[in-house]
Amino acid sequence: MSIRVVVADDQTLVRAGFRVLVESAPDLEVVGEAGDGAEAVELARQRLPDVVLMDIRMPRMDGLEATRRIVALDRAEAVEGHRHDLIAAIAAPVSGASG
């Protein structure tokens, strides 16, 4: 079973580079890419990734706020019994994510 990854960065080339790196590992799969924090939150709701690689500085919603919202979403779903483990990388220590 693959580890499902969402990559969030406002620079297309950076997202493409992360996609290549992630997909070079046999047990990792990129399930979505977001160009801003709001897109990242929506993708996390829809695709239920195991890991989110999150840039901090992005338009519309920065990575810190997006990480807070994704973590809150994850906790809300845990109450309903549909928990998925989520790690928000890079912004994690600042926003309260763990993993």
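1. Arg 19 counts as partly exposed because its relative accessibility is 27%; the classes used here are buried for under 20% relative accessible area, exposed for over 50%, and partly exposed in between, with a 1.4 Å probe and protein chains only. Arg 19 sits in helix α1, which covers residues 12-23. Helices (H or I, at least four residues) and strands (E, at least two) are DSSP runs, numbered from the N terminus.

2. Which side chains does the side chain of Arg 19 meet in polar contacts? One is that of Glu 23, at 2.8 Å, and another is that of Glu 33, at 2.4 Å. A polar contact here is a pair of N or O atoms within 3.5 Å; within protein, one must be able to donate a hydrogen and the other to accept it, and residues adjacent in sequence count only if both atoms are side-chain atoms. Setting aside neighbours within four places in sequence, Arg 19 is in contact (heavy atoms within 4.5 Å) with Val 30 and Glu 33.

3. Residues are numbered from 1 along each chain as its sequence is written, and side-chain values use heavy atoms, with hydrogens and water left out.

4. Please keep the confidence in view. The protein chain has a mean pLDDT (the predictor's confidence in each residue, from 0 to 100) of 80, and 74% of its residues reach 70 or more. Where pLDDT is low, the predicted coordinates should not be read in detail.

5. On the overall layout, the protein chain has four helices and four strands, in the order β-α-β-α-β-α-β-α from the N terminus on. Of its 99 residues, 43% are buried. Among contacts with a separation of 6 or more, 62% join residues 24 or more positions apart.

6. Which residues touch the most other members of the largest nonpolar core? They are Ala 8, Ala 40, Met 54 and Ile 70, in a core of 14 residues. By nonpolar core I mean a set of buried Ala, Val, Leu, Ile, Met, Phe, Trp, Tyr and Cys residues joined through side-chain atoms within 4.5 Å. At least two residues come from each of β1 (3-8), β2 (28-34), α2 (37-47), β3 (51-54) and α3 (63-80), and α2 gives the most, with four. Another core lies apart from this one; it has six residues, including Val 22, Val 30, Val 51 and Leu 53.

7. Helix α2 deserves a look down its axis. Its buried residues include Gly 37, Ala 40, Val 41, Leu 43 and Ala 44. The buried residues of α2 fall within an arc of 165°, so they line one face of the helix; the arc is that of the directions from the helix axis to the C-beta atoms.

8. At the start of α2, a side-chain oxygen of Asp 36 comes to within 3.0 Å of the backbone nitrogen of Ala 38. Asp 36 itself lies in the loop between β2 and α2 and is buried, at 8% relative accessible area. Beyond four places in sequence, Asp 36 is in contact with Met 58, Pro 59, Arg 60 and Met 61.

9. Two loop residues are worth checking for backbone geometry. Arg 60, in the loop between β3 and α3, has a positive phi of about 65° although it is not a glycine, and is exposed at 69% relative accessible area. Leu 48, in the loop between α2 and β3, has a positive phi near 50° and is partly exposed at 36%.

10. A polar atom of the Thr 67 side chain lies 2.7 Å from the backbone oxygen of Gly 63.
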